[in-house]
Amino acid sequence: MNPATSTIRRRLSALALAGVTVAASGCTVANSGGGGYDPDTLRVVLSQEPPTLEPCDGSLTSTGIVVRSNITEPLVERDSNTGDLQPLLATEWEQTSPNEWKFTLRDGVTFSDGAPFTSEDAAFSINRAVNSDLSCNVDGYVFGDEELSLQTPDANTVIVGTTEPDPILPLRISFVEMVPRTTSMTEKVREPIGTGPYAIQSWDYGQQLNLARNATYWGEAPAFAKARYQWRSEGSVRAAMITNDEADIATGLGPEDGAGDLGVPFQNNETTALRIFTEEAPLDDIRVREAINYSINRSGIVKAIFRGLGEPAAQLIPEGVVGFNAEIEPWPYDPDKARELVAAAKADGVPVDRQIRLIGRNSQFPGVTETVEVMQSELANAGLNVKIEMMDTAAQLQYQLRPFPDNSGPFLALIQHGNQAGDAAFSVDQYMSVDGAQSSSGTPAFDEKISAAGKLIGEERQNAYEQIFADEPNEIAAMAYIAHMKGILGKSARVDYTPNPATGDEMLLAAMTPAASDRTDQS
Amino acid sequence: MFSFVRRRMYTSALPLIIVLIGVFLLARLTGDPTNLYLPESATADQRAEFAAANGFNDPLITQLIDYFKGVIHLDFGTSLSTGESASSMALRAFPATLQLAFATMLLAIIGAVVIGCWAAYRPNSLADRFSSLLSMTAASIPDFWFAITGVWLFAVLMGWLPTSGVDAGILSWILPIATLMIRPLGVLTQVVRGAMVSALSAPYVRLARSKGASDFRVVTHHALRNAAAPALTVAGDLAVGLINGAVVVEAIFGWPGIGKLMIDAILQRDFAVLQAAVLLTAVSIFVLNIFIDACYALLDARVREPAKV
């Protein structure tokens, strides 16, 4: 044999052997955790990995669904079914003066590292989330520009002061998760310490997050000793993990994902709508905006695209949120009326032929593409010139949040709004006030109504917001509501759990228990 | 041989730099990440502060120079999304992609050599038709459809394999590799078949047969070695595609690789992570190309030495 050929062969053989060795090195994938089935472990599959578990970003869905009331806890918690505030780390709270609220803390609470939870920690946590330079999402979502003052007269009392009277301060405080005062005030933390029923055991970034029961938890120990989060971006794969007994809970499923009987529909807080940019013709003409509302076949969309998982919407918030007006009916589907309105506007010189951009976000909710296509067709039938533009999240947010891009032209932004807080103030301020972060319309007179409603409590507050929702179609008409959405939660037969409207934002692991049948029988 | 490799390194460095500059500029054309990272009601001051803190207010050329300065000091920046070092995230994800790519290419090459040789040895036979069918199928099946169908069939319906993830040992590899392998297998099979048909009709093969060499020896020792060069070229191109990140497969099967990392970084406008991931894959492709060229040079002396006039 030729020596050169022999050398080449030896080298290539060695290379192949090295390849086999690498590929088959225990068949363990780099960056993987491994592990088998454990009946004491609750297996949850999410649609995306939380970028961080920073508690002050807990109002971000991907972070909050893991961290809120699982790893960290707030002083008070809102019952998503009743809307009432429940004691958690605070046992009592009261408004001691127009601008001050006093919270009395629970005795005997410790963080998972063993440090006691005191009023110093509570004040630190609120100060960190609201008054720091951390740009916490909770700050922007719940408190806006508000600066809070904090006092700790004793170890069990914290007094929160506001610049203006705030009747729903305890509700806002329910978004602030408590962390030890040793937490960084200048940098966000990715793996926090909290007082919750679980603590972080390990986080194999990109692969899985493991929680273990917090041995020092002040309340009743959760049923499952451990919880393991994984994430799969494909809904059909998440559903298959449920049907294939690889996961106990799967979030964010659509009706077409194939979870079958293991998919549990539930009312969530989300409402879909078209937000109309009223500053550009032809959308600055109220007849065109009314025509858009008459053009949308809400019942048809809910039935055909959402497979019945939703209800036609007449306002921005669903039933159960303070301020919901049960008297308002959705706009009727009346394409003839829509054509008449567009024709009348055209006759008055409104440039209805001008192209309107219909901007949607990819994968925002199941059936989003079909929804956009149906609406484009309906608006075209009414005589409007509408062009669909589907974007990724970052690009779409430029049209959802102020300041909008220059020279954007007339556009309709398909939005999905979730009111996590259970109070209309968190929706109306953003979408209907002149300076609202997600508002493209508004009037000073309407702003006064919004401001006045925000200062009320109880039935007066309810009535004031009801009136705002009743007046909006007549005074502003910048929204075309589509549907109050329902979600689907994949749930294996091994687990007992009833999803609630907050499940998509804050999924309490402690509320999940093994099903009556022995879990190990099914493994 | 060393001088050959050195020459190839010099000629490959320029494309690498161009790729980095291109990614840097294109990433910034995709839009402002501020809305993704600040609260919805962030004030103008908060937005300005965020932009200043991350250098987004600087002229593009200044940002680019700062980036290259960082690269020289092995500082690739920090992820906006996680706060982690971008290089740590890329380095953590890359081995999983490499493993998957290597296993896929190894199996694809073995399969293509066996089927391609068989098809070339017996033209118009059942094997030959099978190889053609395989190639056409590979060219026409979307990997997304193949992956989802595989999950439904082998995981949900039959229960033989896990749907996804990397926890089930060798079973975790089967669906991802099958999905990734189908296209390279089809392409390589046709390349091997074509090269082998030519090789088997060459004079040196007839000579070998006339000297009494067995069919097996003729195919494996004489024809295949000469047919290897074109197959190696195509295999190299296909491997580059896999190293670049098997995005669909990684996303569907929850494979913790660099393709998924890059897609997430693009969607999150996480520029530092995107740049670190692209740099890592570009360097790997650069190394792979040199390796392929070196293999070429080993197989063919004409490649090793520049032509002498």
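The legends below describe close-up views of a predicted model. Residues are numbered from 1 along each chain as its sequence is written, with chains lettered from A and ligands numbered from 1 in the order in which they are written. Because the model is predicted, local features need pLDDT of at least 70 and side-chain atom pairs count only at pLDDT 80 or more, whereas totals for chains, interfaces and linings use all residues.

**View 1. Chain B has 14 helices and zero strands.** Helices (H or I, at least four residues) and strands (E, at least two) are DSSP runs, numbered from the N terminus. The C-alpha trace of chain B spans about 85 × 65 × 30 Å along its principal axes. Of its 309 residues, 41% count as buried. A residue is buried if 20 or more other C-beta atoms lie within 10 Å of its own, exposed if 12 or fewer, and partly exposed in between, with C-beta atoms placed from the backbone. Among the contacts in chain B with a separation of 6 or more, 72% join residues 24 or more positions apart; two residues are in contact if their C-beta atoms, placed from the backbone, lie within 7 Å.

**View 2. Helix 8 (residues 171-200) and helix 10 (residues 215-243) of chain B pack at an angle of about 160°.** Their axes are 8 Å apart. Axes are lines fitted to C-alpha atoms, for helices over the stretch in contact, and angles run from 0 to 180 degrees between N-to-C directions. The two helices are therefore roughly antiparallel, the term for angles over 145 degrees. Residues of helix 8 that take part include B:Leu188, B:Val192 and B:Met196, and those of helix 10 include B:Ala223, B:Leu224 and B:Ala227. By class, this contact has 19 nonpolar, one polar and no charged residues. Ala, Val, Leu, Ile, Met, Phe, Trp, Tyr, Cys and Pro count as nonpolar, Asp, Glu, Lys and Arg as charged, and the others, Gly among them, as polar.

**View 3. The largest nonpolar core has 208 residues.** Such a core is a set of buried Ala, Val, Leu, Ile, Met, Phe, Trp, Tyr and Cys residues joined through C-beta atoms within 7 Å. B:Ala90, B:Leu188, B:Val192, B:Met196, B:Val273 and B:Ala277 touch the most other members. Helix 5 (residues 86-121) of chain B gives the most to this core, with 19 residues. Leaving aside neighbours within four places in sequence, B:Met196 is in contact with B:Gly116, B:Cys117, B:Ala120, B:Ala223, B:Leu224 and B:Ala227.

**View 4. The contact between the chains takes 47 residues from chain B and 49 residues from chain A.** Helix 5 of chain B supplies the largest share of the side of chain B that touches chain A, eight residues. The residues of that side divide into 27 nonpolar, 16 polar and four charged.

**View 5. Helix 7 (residues 286-295) of chain A is largely enclosed by the rest of the structure, because eight of its 10 residues are buried.** Among the buried residues are A:Arg287, A:Val288, A:Ile292 and A:Tyr294. Their cover includes strand 12 (263-276), helix 9 (335-347), helix 10 (368-381) and strand 17 (479-491) of chain A.

**View 6. A:Ala516 is found in the segment after strand 19 (513-514) of chain A.** A:Ala516 is exposed, with 6 other C-beta atoms within 10 Å. The C-alpha atoms of A:Ala516 and A:Val495 are separated by 8.4 Å, although these residues are 21 residues apart along the chain.

Note on methods
Parallel < 35°, antiparallel > 145°, perpendicular 65-115°, else oblique.
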